[in-house]
Amino acid sequence: MPQFRARPPSRLHVRAAEPELPPLHVPVARATVDCAVYLEGQRLPGKYTHVAAAEKVHELRTEGRNAFVWIGLHEPDHHQMDAVAKVFDLHPLAVEDAVNAHQRPKLELYDKTLFLVLKTVNYVPHESVTLAREIVETGEIMVFVGGDFVVTVRHGEHSGLAGVRHQLERLPDQLRLGPFAVMHAIADHVVDSYLDVTALMAVDIDALEEDTFSPDTRTDVAPIYLLKREVLELRRSVAPLTTAFRKLADDYQPLLSKEVLRYMRDVADHQTQAADRITGYDEMLTSLVQAAQAKVGMQQNTDMRKISAWVAIAAVPTMVAGIYGMNFDVMPELHMTWGYPTVLLTVATVCALLYRSFRRRDWL
């Protein structure tokens, strides 16, 4: 039996453990879409980092001037969001929600900072509901609003706020109202998109309704279920804002000026209008599902009647062929010259009479 000797310890090659590399932190600038300082409703020229902008605003407000900073971020990671949170003293719970996304629309107050979560929606163009796989895509916008800052965090490609910023910059009187005026403009933009999307979805629902109640078309229930799923997703995006806007008007009223409150009430009215539309769509689609299922049942009954009628017609030649296939010698018409044509003619006549009878009863 062979002997195996262990190698001396001095000759063993032990691979040294590689030191762990520190994680690479992407700078905040990579997630920053825009960062600007506003003084008396006007944007100050120049580019600012979030730190420089906060210092500039602090300097201006120390002089008694009306200034604030608005920084927009797109899908920041934990390090980037923590860096911004340290500058503007954002609550860790709200910061975690802003990074992870997938939050329900809500409004929370952390110390003196309001945290508003909005669901954005976008209508996906398509040729028909039957060919579509998605009708509404969603994203999120988180808004941190303090006395001298606005921090917006976006998730999704369709939820850009560049148009809102440019529109506000053309309205200095509104920007003079401060950071909460920016919150109103963002909420108004998002709620208006709800109305636009619901108006476009009405066209799809009308097309499905027309198809469902058309007597000469075969109804497919799958598009109705698809559209109902999209309406439910839209309702989850819109309906919770009712509670958020009510809380803003009742509990957090001292934080907002009277003018901003008036604007927010208008946004709340539009949100209620969109929510009512969505509720109506949901009820309508439920009725369409029931109507489509009834129509499919009628179509299946019609198909079964046709199948039963053809089976009854086919049973006549089958029965005759079965009888004459028994190989008995003494059978009617078996040895007559015209026996075979007579049997075929009789079978054809009976089948024709059955076909005529089924046609009269609308079975065929």
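**Helix faces, hairpin turns and a buried histidine**

Biologist: What is included in the cover over the buried residues of α10?
Modeller: This is a predicted model, and in it the buried residues of α10 are Gly339, Val343, Val347, Cys351 and Phe358. Seen down the helix axis, these residues fall within an arc of 100°, so they line one face of α10. Part of what covers those residues is the helix spanning 258-324, namely α9.

Biologist: Which exposed residues does α10 carry on the face turned away from its buried side?
Modeller: An α-helix has 3.6 residues a turn, so residues three or four places apart point the same way. In α10 the buried residues line one face, because their directions from the axis fall within an arc of 100°. The face turned away from that buried side carries the exposed residues Leu345, Leu353 and Arg360.

Biologist: What span would be expected for α10 at 1.5 Å a residue?
Modeller: Helix α10 covers residues 339-360 and has 22 residues. From its first C-alpha to its last it reaches 32 Å, which is close to the expected value of 32 Å.

Biologist: Which residue is the bridge partner of Leu39 in β2?
Modeller: Strand β1 (residues 32-39) pairs with β3 (residues 67-74) in the antiparallel sense over 7 bridges, and there Leu39 stands opposite Ala67. β1 also pairs with β2 (residues 42-43), again in the antiparallel sense, over 2 bridges. These two strands form a hairpin with 2 residues between them, where Glu40 in the turn has a positive phi of about 50°. Within β2, the partner of Leu39 is Gln42.

Biologist: What relative accessibility does Asp89 have?
Modeller: Asp89 lies in the loop between α2 (78-88) and α3 (92-100), and its phi is positive, near 55°, in a residue other than glycine. Asp89 counts as exposed because its relative accessibility, which has to be over 50% for that term, is 62%.

Biologist: At what distance does the side chain of His155 reach the backbone oxygen of Ala98?
Modeller: His155 is placed in strand β7 (residues 149-155) and counts as buried because its relative accessibility is 12%. Leaving aside neighbours within four places in sequence, His155 is in contact with Glu75, Ala98, Val99, Ala101, Gly139, Glu140 and Met142. For Ala98, the side chain of His155 reaches the backbone oxygen at 2.7 Å.

Technical notes. Residues numbered from 1 in each chain as written. Predicted model: local features only at pLDDT ≥ 70, side-chain atom pairs only at ≥ 80, totals over all residues. Heavy atoms only, no water. Helix = DSSP H or I, 4+ residues; strand = E, 2+ residues; numbered from the N terminus. Expected span 1.5 Å × (residues − 1). Buried < 20%, exposed > 50% of the residue type's maximum accessible area, 1.4 Å probe, protein only. Arc of directions from axis to C-beta. Contact = heavy atoms within 4.5 Å. Pairing = 2+ DSSP bridges. Polar contact = N/O pair within 3.5 Å; in protein donor to acceptor, adjacent residues only side chain to side chain.
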